[in-house]
Every structure is written in structure tokens, then in C-alpha cells.
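Take a look at the model below. We will walk through a few of its parts, one at a time.

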Amino acid sequence: MDFRQLEAFCAIVEWGNFSEASKHLYISQPTVSSHIQTLEASLNASLIDRSTKPVTLTDDGQRFYEYAKSLLRLREKALREFNQSSAEIIRLGASSIPSAYILPEILSEYRKRVPEAFFDVIHSDSKGILENLLSGCIDVGITGMAVNDEHFFCSPIYKDEMVLVTPATEYYRELRDANTSIEKLLMEPYIMREDGSGTKKEAEKFMEAFGLDSNSLNNVAKINDLESIKQVIVHGLGVSILSKKAVDDLERNGRVIIYPLMNKGVYRNYYLIYRKSKIRNKHMWKFIQFVESYYK
């Protein structure tokens, strides 16, 4: 068992599948698979159920994940203590939309200015990011869920428009051409986000304005992966309320139809969150100040 195997295992857990793990580790998918097979053989245990999408952990995998994260944190602590000239490690987490559409441009631009920066990034829903901040697994989070707690600092950094997204099939084009109202479109087969999602929370607020309960919709699926939701919409499964930033590419290519909510638009903020008592390193403050000013 070595750290490369632990990193591969944790990346699969945090990104949901082998292909995404390989992208974020900058290694091939077969290499990721090889690391996991070797790790499972050394532990004499099956850690990952590969029959599900996204992949899920076995009971042994769930228990071992905490050990793996602890070992990686200990390695980081040792590197910091014994090699003060090593990379400036920035541990952060991001929920679905910031992780896919906001964080990449921030990290790329920051590393141009600070070449010694090293990013240790995890992906979770908004609720999970807060839990990781509380547990100390990460120092900074970017999420769509604000937190009102005197122990946290929470700063809005990006405003995103929420839109209703439908397939671009002939049926939905006819509904668009007939100027079908948002209320009626919400009666179409609806795809929900997971319970911890900030997007779901904002969508439910919008529905309440129309006197709708999300449980009364024609719900056909609950999916915790944003990219999966986008693809099932493209293939005609149903409609959903999503981030405009997340579907701009699909609309440009004519693969979905989007509707602003209530004409004026419904927006949600994404927040930079950290525990006031946890940020002690100068390089973390430098990164925080950069993120807070990036979109201004």
C-alpha cells in the first residue's frame, strides 16, 4: 500500500467514478484501476462496488476511507513540518457547480501567480462541504449554501442565474413555440437533485412562489451528479431547474432549451466559506484574498 493508491481511492470516492478521478489526478484510467486493484489485494478486501453509477463504497470501503484520508493528512503535515520550502498546500472543497465551472478557472489563474501552490481538492454537495470544514478535512469551501454561524466566515463571490432546462426534442420545441408557462413546464417529468444540494434548495424556494411542493411534481428521478442530470435531459427524460452557467454550453449547441425564471431571473450566490479559527497560514490568506477579488 502506498500513497498513490490512497490518492486514487480517495479521488474515486470524491469524484464519483474512475474516469473523473483519472482526470483530476492527471493519470490514465487504467492506472487508477491498477492502483485500486493493488490496494484491495494488499488489504484483502473489496473497497468499491463497480456495478453502480456513480460507484459506491462497500462497507469495508466506507471504513477504510477515513483511514485513507487520515494517512494523506499525516503525510501533508509531515511535508509541511520537515520541508518548509515545499509546495504551499491549499486544501479546499467545492460543491457540484463551483467544482466544475468556477474552481477550474480560479485555480488555473492563481497558479500562474503562485507557481508553488499545490491544491488538494475534494468534491461534495453543499452540505458535505460544510461537514468537511467542521471536521478539518479542508480549510476553505466554495458552495452554493450560505452558513450563519459566528465560527465561520461566509463571503459571496459569484452570482449565478437559475433556469428551467428542458430537452430540445420536437415535443419541447412545440411547447416553447406555444409560449408554455413555467408553471405548466414544471408539470413535465421532473429530475430532482439530491437532498443536500444547494440547487435543490433554491429550486424549492422558487416553486413555493407558485404554491408548488416539490413532492407534488411528476418526479421521475433523483440524481446526485450534475453531469448525469444534464445528459438525461439532453436524452429527453425530463426537465429540471439548474445553474445557467452549467448548461450554457448545451444551449449554445442546441441540445437543451432554457427558460429564465419569472422573466427577471432567479439568482443564487456561491460562497467562500472557512472557519475563522482555522486559517493561520499566510499562503491560505493569500488564496482567500485572491478568490474574494477574482470576480469583482
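**Charged pairs on helices**

Start with Arg-113, which is exposed at a relative accessible area of 56%. Exposed means over 50% relative accessible area, buried means under 20%, and partly exposed lies in between (1.4 Å probe, protein chains only). This is a predicted model, in which local features need pLDDT of at least 70 and side-chain atom pairs count only at pLDDT 80 or more, while totals for chains, interfaces and linings use all residues. Residues are numbered from 1 along each chain as its sequence is written, and side-chain values use heavy atoms, with hydrogens and water left out.

Which residue does Arg-113 meet in a salt bridge? The partner is Glu-109, at 3.8 Å from N to O. A salt bridge here is a side-chain nitrogen of Lys or Arg within 4 Å of a carboxyl oxygen of Asp or Glu. Side chains of opposite charge can pair when their charged atoms come close. Glu-109 is partly exposed, with a relative accessible area of 24%. Both residues sit in helix 5 (residues 96–113); because Glu-109 and Arg-113 are four residues apart, about one helical turn separates them. Helices (H or I, at least four residues) and strands (E, at least two) are DSSP runs, numbered from the N terminus. An α-helix has 3.6 residues a turn, so residues three or four places apart point the same way.

Helix 4 (residues 59–82) holds another pair, Arg-63 and Asp-60, three residues apart. Their side chains meet in a salt bridge of 2.8 Å, N to O. Arg-63 counts as exposed at 56% relative accessibility. Asp-60 counts as partly exposed at 32%.

Now go to Asp-177. Its salt bridge is with Arg-176, and the closest N and O atoms are 3.5 Å apart. Asp-177 is exposed, at 55% relative accessibility, whereas Arg-176 is partly exposed, at 37%. Elsewhere, shared partners join Glu-109, Lys-112 and Arg-113 into one network of salt bridges. The count of salt bridges comes to 13.

**The first helix and a surface patch**

Helix 1 covers residues 3–15, which makes 13 residues. From first C-alpha to last it reaches 18 Å, close to the 18 Å expected at 1.5 Å a residue. The expected span is 1.5 Å times one less than the number of residues. What caps the N-terminal end of helix 1? Asp-2 does: a side-chain oxygen lies 3.0 Å from the backbone nitrogen of Arg-4. Just after helix 1 comes Gly-16, with a positive phi of about 90°.

**Strands and a later helix**

Strand 7 (residues 190–193) is covered on both faces. Tyr-190 and Met-192 are buried on one side, Ile-191 and Arg-193 on the other. In a regular strand the side chains alternate between the two faces of the sheet. Strand 7 runs parallel to strand 8 (residues 219–223), and four bridges join them. Two strands pair if DSSP finds at least two bridges between them. Tyr-190 stands opposite Asn-219 in strand 8.

Finish with helix 12 (residues 282–294), which has 13 residues and reaches 18 Å from its first C-alpha to its last. Among its buried residues are His-283, Phe-287, Val-291 and Glu-292.

Key
Polar contact = N/O pair within 3.5 Å; in protein donor to acceptor, adjacent residues only side chain to side chain.
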